[in-house]
Amino acid sequence: MDRESLIYVDRNGTDCLKWDGAKSRFGEGGLLPLWVADMDFQAPACVREAVASWAAHGAYGYYQTPDRYYKAFLRWEEARHGYAAEKEWLRITPGVVPALYWLVQALTAPGDGVTVLKPVYYPFFGAIQDSGRKLLSCDLVNENGRYTMDFDALDAHFASTGSKLLIFSSPHNPVGRVWRRQELEELCRVCEKHGVTILSDEIHQDLIVGSNPHIPTATVHKGPTVTLTSASKTFNLAGLQNAFVVIPDEDIRRKYDAFTDAACCGGGPSVGYVAAAAAYTGGAPWLESLLERVDENYQALCAEFNDRLPEAVISPLEGTYLVWIDLRRCLDPENTKFIVQEVCGLAVDYGDWFGGDAFKGFIRLNLATSLDNVMLATARLLAALTD
Ligand SMILES: Cc1ncc(COP(=O)(O)O)c(C=O)c1O
């Protein structure tokens with residue numbers, strides 16, 4: 001496969017959330033940011049060219065959704081992930097997170113329970129609780145850093161709670177799992193048994209670091225699965241607000257459409273369509289380089305930790321560019337923020353954000369940056385934790 005070189009950019013002073021927004025998020029400036037899942041690389045050249053040409057035209061009025069955009073996405077899903085979706089199943093949204101809110105409201109009633117598998121991407125909690133639904137969890141099982149689903153526990157969970165909706169992260173943020181076919185089959189079997197609809201958030205579908213392929217849940221599940229994904233995480237386009245909801249089930253589509261029509265929820269800005277179409281058409285060589293960078297960053301971080309602080313448990317990175325590290329044997333979990341932020345000068349995602357006190361002492365680091373930044377963060381952590 002051809003490669004397109006990655007171009008690292010200094011994002012300071014551009015109102016970038018990750019760099020400039022860290023001050024208000026963490027209460028102090030000057031931190032090295034490895035938090036929010038956003039990259040420090042320019043998007044692929046084909047995207048920059050398409051966006052520049054769109055901007056140069058100068059008319060920023062209303063646009064229709066380009067047909068090439070649908071075609072590029074459908075081709076990508078089939079060629080890369082073996083998912084033969086159909087155009088009529090697709091709905092467009094400015095983001096996966098807003099669509100999760102809409103789906104929760106369209107498919108459940110106030111007070112209903114909605115299940116997640118903690119630790120998990122925390123906006124899932126918002127989609128459930130801000131909508132007046134009950135947040136339920138059947139936690140993942142942590143086996144020395146490698147996380148699995150407990151299907152007997154999930155079976156019992158659904159039986160006792162009556163939950164009818166599962167918000168699932170695949171690949172899993174933050175624990176980095178790429179779910180195997182057998183795991184997905186088991187999950188789907190349990191969900192089908194209890195009539196549970198799966199909202200499968202596959203925004204990290206293309207960020208596969210190891211040798212295990214991403215398998216779309218909808219290719220395994222005979223029941224109703226809604227897939228949410230986007231070019232935004234894959235190609236660093238989050239600011240352009242464009243994502244897909246794939247709804248094969250007609251009844252769910254009808255409910256989704258009724259909700260979004262009534263609330264007048266539409267797609268995002270026209271430039272987002274331009275960028276996504278270009279990325280899905282010509283972005284693969286850039287993605288190869290990105291995945292190589294993430295893997296090298298991960299390997300370098302692991303080598304340093306294994307050498308100097310083997311008590312830290314680093315979860316195997318199969319997918320995403322986010323590494324989950326258990327520091328509970330290296331520090332008092334209550335002191336995590338003091339050590340990481342005050343002593344090391346880092347802005348990271350803290351474990352408790354992903355599911356409460358049980359995850360204090362864990363951190364999630366973003367590896368979609370330069371090797372230098374990863375090594376600097378690693379050196380600071382090791383200096384603080386080995387003294
Ligand atoms: C699992 C997951 N879902 C959704 C999002 C964000 O989606 P969006 O920006 O399209 O709302 C992220 C961003 O990190 C994520 O990790």
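User: What should I keep in mind about the model and its numbering?

Analyst: This is a predicted model, where local features need pLDDT of at least 70, side-chain atom pairs count only at pLDDT 80 or more, and totals for chains, interfaces and linings use all residues. Residues are numbered from 1 along each chain as its sequence is written, and side-chain values use heavy atoms, with hydrogens and water left out.

User: Why is Lys18 called buried?

Analyst: Buried means under 20% relative accessible area, exposed means over 50%, and partly exposed lies in between (1.4 Å probe, protein chains only). Lys18 has a relative accessible area of 0%, so the residue counts as buried.

User: What makes the pairing of the side chains of Lys18 and Asp40 a polar contact?

Analyst: A polar contact is a pair of N or O atoms within 3.5 Å; within protein, one must be able to donate a hydrogen and the other to accept it, and residues adjacent in sequence count only if both atoms are side-chain atoms. The two side chains make such a contact at 3.1 Å. The Lys18 side chain also reaches the backbone oxygen of Asp38, at 3.0 Å.

User: Which residues surround the ligand?

Analyst: Among them are Val96, Tyr121, Asp201, His204 and Lys233; a residue is near a molecule if one of its heavy atoms lies within 4 Å of it. By class, the shell has 6 nonpolar, 3 polar and 2 charged residues. Here Ala, Val, Leu, Ile, Met, Phe, Trp, Tyr, Cys and Pro count as nonpolar, Asp, Glu, Lys and Arg as charged, and the others, Gly among them, as polar.

User: Which N or O atoms lie at 2.7 Å or 2.9 Å from an oxygen atom of the ligand?

Analyst: A ligand oxygen is 2.7 Å from a polar backbone atom of Val96. Another pair, also involving a ligand oxygen, places a side-chain N or O atom of His204 at 2.7 Å, and for the Lys233 side chain the distance is 2.9 Å.
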